[in-house]
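Please open the structure in a viewer and keep the selection tool at hand. The stops below proceed from the whole chain to individual residues.

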Amino acid sequence: MATVVTEKDLKEESGFDRLSDDVILFILQHLSLRDFFNLRFVSKRFAAICKDKSLVRHLQFSKNYWLTTDRFQSYVRPVVDKIETLNLNSCYWLKASAVDLISKCTNLSSLHLTQVKVSMKNLCNIISGLPNLVNLSFSISDIRDLHPELASSTGAQECLARLISLSLHFRHQLVYSNRPVINFCTGPTLFEYCRNLEEFHVYGFPSNARGIPKYIFQPQILKSENLKNVKVMTLNDAMDPAARMFFFGTLLSVCKLSVKFKTLLQPLGNVDQLWSMDGYATCLQNMEDLVHFDPSRTTFQIPSEVLHFESAHNLQYLNLSDNAAVTSETLHLLADTCPKLTSLNLQNCNYILLGPLKQQQQNSEQRRAYNDISGLQALLMACVELRSLNISGIHVHTQDLISTPYSSLAALLAMNNNWQCLSMSPCCLSVERSSKNNKRTFSLVPEGYLVKRRRIGTGAACHQSFATFPDANSPSTSQEDPSASSSSPPSSSPSSSSPSTTLDEPAFVSELEKLVRSCPSMENFELNCSGFRSAFNKYFGVHPTTCTSSPCMFSLTVGDHELMCIGRWKHLKSLQLTSIPGVNQGHCLLAIAKGCVSLEQLSIACLGQIAHCLYRNGLLAAFPFFSKLKDFRLEHPYMKVDEMMLTAMAKCSTLERVCIIAKNGTMDTEGVKDFFEKVQGLINFQLYTGRSLSVCRGLQAYLMSRYKKTRPAISVCIHPLLNGGLQEATAMLPDQHIDEMTILKSRVSIRPHDAY
């Protein structure tokens, strides 16, 4: 008997119900993990569709701080037989019951448990029941416990024999003492069972101020032939001596086998000493197979007898940061031999404009040109696939570009329309122009001279209203002249008080504006003033001292006007602005908040004047417009973390991690409590001010006790910045928050996207 469909039934049926399962599956693939998790409870049909193998085959739980142990179990238990990749990296809050459930995922081929609490005995039991596992990542607190557990577990030994990729994260117990005693020990490792290993990654804690490990383990590799297939070896940019000892001990054993590396990342590696080691030089003689290479913080010249870039035709990622031997000749070599480069790090390579030696006609003296831009120009012209470039800490000024048709380095970079990640110094945006026909002029100051900054009235700047200020996309602001609006702030350049230009003058377009127009797909942008170091880094050695130069007068010409155009980058996800003295009123921050609709990470450090935080009102007015902001880092020595600021920050409901460093600043304890109550997704809060130790400890204890049950991933560190006990206080923070939030450093081209 045929079913009669009435008009009432058609009305009750929604348009979404008429879609086929294949169409719905395609739509669900574009949802976030949290939305996908909640969708299962909408109806029985959605609950069934959400169990489809195409949706649960690869599960990425990393950094999903809303995930609890119960939610994880309810999500995974119905689909344990369909999961092939399970990523729990940085899920440090999950309980042991969640980890035990992994053993039932018998079809797993990739398992990532970095920073997840799991004992070595439990780990061996889990991997023993995973016959298809080939990719494994986990954290280890005492590597001496690993070999005894492996020796007693036949299933774990068989699993290691199948592994192709292995990642170890060192999480040692640290000692805090002025005179620590470090024990050195050696012994067999897990490499005795790894016969098919091709990739090996090591992670250490990012700070040498978080204490010293109780011991340093030297790996004793008895069966070095097991490592003959290793093509990829990486070490993160860490100051962990235990992780470094284990990595380089393994590296030297691999080099004796004369392997050809595909990826070799060794931050802080002393190539000068490694070159004398047996086998290391042989591995780098032929770089034909090398795709990712990081010899950063070395002093080797390129080209040289050590690094044979002439054969590196397949190189895609290269990190030469903090190398004073990189010159214009080096860039010419890279342009000729590495046409496939997609990511290049030249941070703090201060001599990239140093030309080759030239014989003078008058006498036999040899001299170098100090403004040879031809190397950088040739590199940008030849490497057409370049998408990520880090040249922060490098001075490139107008006089260096006299022989080229470009007015600034930003104009030169605008030749490439496909930039996605870019880091540079503010002075590279400045341009020296004639006072007769242009708006801005400034005089060059000889190196070594100090210049007194122009005094700015604090009253007018702090109380200026932001209600009528147009954003970067406002129709009232001309696309050709960003300063055409009458409500725009005055230029921060020393010539801002000069007479206005006539109508006959051409419209002024800032150098950054040229870059913004030419690169609409920018995702990560940084303006880092050379020579600046965070107060946290400076006092506690969180980040190693690198080869940097001092800021110059050209950076003073970059202000609110120049930075407003950043708001036109609709795809920008990460932005870092560091030590830009020309930002005084914060109008650019409001334009960025309104225009950068995809922004998720924002880091601001020491903008404008040091003694007066004049851009504060502009920052507070911007918070309600950050619709996707998750990570916010702010540093200013005199920032007031008062009720007004915390109330404004609470209007950004998407915040997950906040770090504020103000060594002489104040803090409102009741305002912090209200802030936590309003921002329910906040899980990491770091506040380093000038308040007393007792007040900081009391507030931290209150927040942890109140929100630990409802927010299992919560981590709070509130401490006086100049107090001696900061080492122990930060030791309770997970490594990812220290590395990504507390430490201020450039994050452009620090590693390849697909190396880990």
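The protein contains 27 helices and 28 strands, where helices (H or I, at least four residues) and strands (E, at least two) are DSSP runs numbered from the N terminus. This is a predicted model, in which local features need pLDDT of at least 70 and side-chain atom pairs count only at pLDDT 80 or more, while totals for chains, interfaces and linings use all residues. Residues are numbered from 1 along each chain as its sequence is written, and side-chain values use heavy atoms, with hydrogens and water left out.

Begin with the whole chain. Of its 756 residues, 55% are buried; buried means under 20% relative accessible area, exposed over 50%, and partly exposed in between (1.4 Å probe, protein chains only). Contact means heavy atoms within 4.5 Å. Among contacts in the protein with a separation of 6 or more, 80% are between residues 24 or more positions apart.

Next, select Phe61, Phe309, Met424, Phe525, Ile566 and Phe632, which touch the most other members of the largest nonpolar core, a set of 203 residues. A nonpolar core is a set of buried Ala, Val, Leu, Ile, Met, Phe, Trp, Tyr and Cys residues joined through side-chain atoms within 4.5 Å. Helix H11 (residues 241-255) provides the largest share of this core, seven residues. Apart from it lies another core, of 13 residues, including Tyr688, Leu726, Ala729 and Ile743.

Now centre the view on Phe309. Leaving out residues up to four places away in sequence, Phe309 touches Met287, Phe293, Ile302, Leu315, Leu318, Leu333, Leu334, Thr337 and Cys338.

Move to Leu307, in the loop between strand S13 (292-294) and strand S14 (317-319). Is Leu307 buried or exposed? Leu307 is buried, because its relative accessible area is 2%. Beyond its neighbours within four places in sequence, Leu307 is in contact with Leu284, Met287, Phe293 and Ile302. From Leu307 to Met287, the C-alpha to C-alpha distance is 8.4 Å, and the two are 20 residues apart in sequence.

Most residues other than glycine have a negative phi. Gln115, in the loop between strand S3 (110-113) and helix H8 (120-128), has a positive phi near 70 degrees. With 12% relative accessibility, Gln115 counts as buried. Ser258, in the loop between H11 and strand S12 (263-265), has a positive phi of about 55 degrees. Ser258 counts as partly exposed, at 46% relative accessibility.

Then select helix H24 (residues 669-678) together with helix H25 (residues 693-707): they pack at an angle of about 20 degrees, with axes 11 Å apart. H24 is therefore roughly parallel to H25, a term for angles under 35 degrees. Axes are lines fitted to C-alpha atoms, for helices over the stretch in contact, and angles run from 0 to 180 degrees between N-to-C directions. Which residues of H24 meet H25? Thr669, Val672, Lys673, Phe676 and Glu677 in H24 meet Val695, Leu699, Tyr702, Leu703, Arg706 and Tyr707 in H25.

Finish at helix H27 (residues 735-742), which is mostly covered, six of its eight residues being buried. To display the buried residues of H27, select Asp735, Gln736, His737, Ile738, Met741 and Thr742.

Note on methods:
Angles under 35 degrees count as roughly parallel, over 145 as roughly antiparallel, 65 to 115 as roughly perpendicular and the rest as oblique.
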